[in-house]
Every structure is written in C-alpha cells, then in structure tokens.
Amino acid sequence: MNDLESFRLVIKLIEEDLNNILSSTKGKGKVPESDDLLIELLEYDLARMKITCSDMVMARSLELADEADGPLLDAFAQIEMAEARDREVATLFSQDQIAKPSLNNKSNPSINLEMAFSTLEKSLIQDTNEASTKAQEGSSKSLFTCISCMEEKVDLYHFPYCHHGYCTHCLSRLFRAATKDDSLLPVRCCNNVIDSNVAHQVLSNNYLQEYLQAWLEFSTEDKLYCPTPTCSKFNEIPSRGISDGCINCKYCGCKICITCKNYAHVEEDCPEDLGTKTVLDLASQQHWQRCTKCRNLVELRSGCYHITCTCGNEFCYLCGTRWKGCQCRNWDEGRLLDVAHARLEAANPNLRGCQLHFEINRLAVQLRDHEDCQHNWEHRDLRRMRPCGYCADFLMTNYCFQCQNCLIQVCFVCRYHRIRTRTRTRARIRTRN
C-alpha cells in the first residue's frame, strides 16, 4: 500500500468516526459543547486532509507526465533558449550597443559576435541573480509552520518561552474555545500564560467581548448567577451602590439577593435554599467533594485523589483540603490498577498474558511513586479514536500525544493548553452553587 492509498484509508476512517458521532447525537436535543467542538474539529481536519489528498493526486499526475514527456520538454526548452538568445543579440544590434560589422572590414568578423555574446551573458547572469534573490526572499517567508494546523504561514504569533508559533486563525479559535470551556483559562501554551493583549489582535469585537466576559467570570471568586432557569447568566457583584443587599440581573432584570444568591426577599431573612440542600445531601451520599474555591461539586471518575478543578484549584478528594496539605493516601489500589491497565492497553494492544500482568504492576508502582510526572511527550498516530486521558473527550487520529513515562494519551488541546506541570484527575462539575 503506497502513501496515497494509506492517506485515503485514514480519510475513510475519519469519515466513519464522524458519521458515528453525528448519528449518536440525533434525537438527544441540544448537543453538548464538547461534542460540538469535537465535530467542528473533525470536519475541519477532514476537509484539510481531503485537500492534501487532492494535492497528492495532482503531484503524482505531474510526476508521471514529466517522466513520459521529459525528453520532449527538454528539446523544446533548448529551442526556446536559442530563440531568446537570438532575439537578445538582435536587440543589442538595433540599439547600437554593439558595433555592426562592416563589409569592408577585413578583420575577423567574429570579434563583434563575441562582444555581443559577452554582453548577453552578463545580462543573463544579472537577471538570474535577481531572480534567485527574489526566490530566497519568498521562500524565507514560508518557513514558519503553525503548531496547531501544521500549515505553513507567512505570519505567526511566536511565543519565546516554548518557541511555538500559531497562525491567526488557530489562535483566534483557541480564545473562542476558552469562552465556552473555562479549563482553557487562562489561555496558555506549554504551561505559560499567553498575554491577554493577543486576544485584542486576533479576535473580532464581538468575540473579544465574549472572551473578556468569560475571563471576568473565571477570575471572580465569589460568583453570582441569575436564579432564573431560563437565564442562569453570570453577574458581577458591584463593589458599591448595592441597595437592600440585592442587585438586578443585567440580562433578564430579575432581582437577586447577593447573600443567598437566590431571588430577592426584601424585608425578610434569607430562607433556606432547599434545592442546594438537596444537592448537598446527595453529594454526601455519593461521596462527592466540593471545591473550596469555586464551590463546585466534583466526582472522581478515575485516577488518583489529586483533584484539579476547572477553576485551577487543587485539593484532596478524600478530605477536601488543599493538595499536599493533608496526610491522606494518593491512590486507591483498585483504581490504580485500572488506570495502569487502560494506559497499557492503549499504548501497546499486543501485550497478552503474563507479560501484560507484569507491565500493569510495573506501571502501577511507577504511578504510585511518581505521581507528579514531568511529561515527556511524543506524537502518536492512532488507527481509531480513543478518549483523552485528561479531558475524556475523543482523540482525533492526527492529534494524539503520549507521555513516554506514565503512558497517558491526551489530545492536542490538553497537551498544549490544559496540562500545566503534571497529570491531575479532571473534575466533573455537578452544580454551580
């Protein structure tokens, strides 16, 4: 199977994955934002791969034509060069740049021709040098490759701390994604925060306002949301000018008590929030934990007891205190073996029997002893889509990275924009109270 056939096979597999995702979302009402972003990335990647495949077909066709008609094309090129040379000599004679040979001159008539050819040669060398200089200037502008779309661009935004470059389209898409996914805030690349001034350069005015609002919500510790179910928008609590301990929602206009964060109850004490009490009772029964910073409830799905909330706060899942501020154990042995098994199965599906059992125990010991993994990433091409080991979204075949130490496989977004210094268990949000 040649490269073109392999490329067509990859396109077919991605089309099948995309059709499966689209069919699975039918009849489910509103599509989750994570699935919507995944579908958008798949469609973009598929379109780009189809264009590349078309270019490969065209290049192969030109290559075959050159092999078949090469000798004939060389002959025509030589004829054209001879005619161009004759025209140049005739032009020099007509402009009196070269003395015309006299019929009465008994000297060697080839001297004037030698002068003509010498002048012509100098002119051709000068033209060739100018063309070479322009070609070098043009090629130097196309040497930059965007780390996200892997396309060559003339102008990129380069970040000196990691030496990665992004084109305007990919950087704009990253900031727009951060307005819907606060795990991407603050926007960063390789554990380094990208200056927010870049957003003013790559976003249109409407998207810029959405990003600034998302950043304000993320950076506010005491968050207030409209209690109206059809609104539920974030509202900033002003530092002054509050009357009766209430504010009006700037989106729907309803009056909100800033103490209990429910509907206003003028001249009455804050009533008990039965809805919040019911959710907290359920959290206690299910052994969920609550973030001490943003007050979101989180559920441990897999991995260690080191939780990183979407707001960036790190805490222990067992006791809720700030991470490394308690004496609780880091892992549950059953979950530890499950994680080791899942990572080995994804990294090396050919392992069987005693060898698989040995590798599972070896990786489990490594994960237990080195929880703060300093990841060493390598690119992996997958034959089928797998869930990301960090955000649990599906991986695209072109955007998979695997750590050579702990074997976790993550998507492109987590590799560059979510994971900071080590792998942490993702938080599953249950409520915003």
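Q: Is the crossing of helix 8 and helix 9 right-handed or left-handed?
A: The crossing of helix 8 and helix 9 is right-handed, meaning the near helix is turned clockwise from the far one by less than a right angle. Helices here are DSSP runs (H or I, at least four residues), numbered from the N terminus. Keep in mind that this is a predicted model: local features need pLDDT of at least 70, side-chain atom pairs count only at pLDDT 80 or more, and totals for chains, interfaces and linings use all residues. Residues are numbered from 1 along each chain as its sequence is written, and side-chain values use heavy atoms, without hydrogens and water.

Q: Got it. At what angle do helix 8 and helix 9 pack?
A: About 120 degrees, with the axes 9 Å apart; axes are lines fitted to C-alpha atoms over the stretch in contact, and angles run from 0 to 180 degrees between N-to-C directions.

Q: Where in the chain are F175 and Y211?
A: F175 is in helix 4 and Y211 in helix 6, 36 residues apart, so the pair links distant parts of the chain.

Q: Are F175 and Y211 buried or exposed?
A: Both are buried (under 20% relative accessible area, 1.4 Å probe, protein chains only).

Key:
Helix = DSSP H or I, 4+ residues; strand = E, 2+ residues; numbered from the N terminus. Buried < 20%, exposed > 50% of the residue type's maximum accessible area, 1.4 Å probe, protein only.
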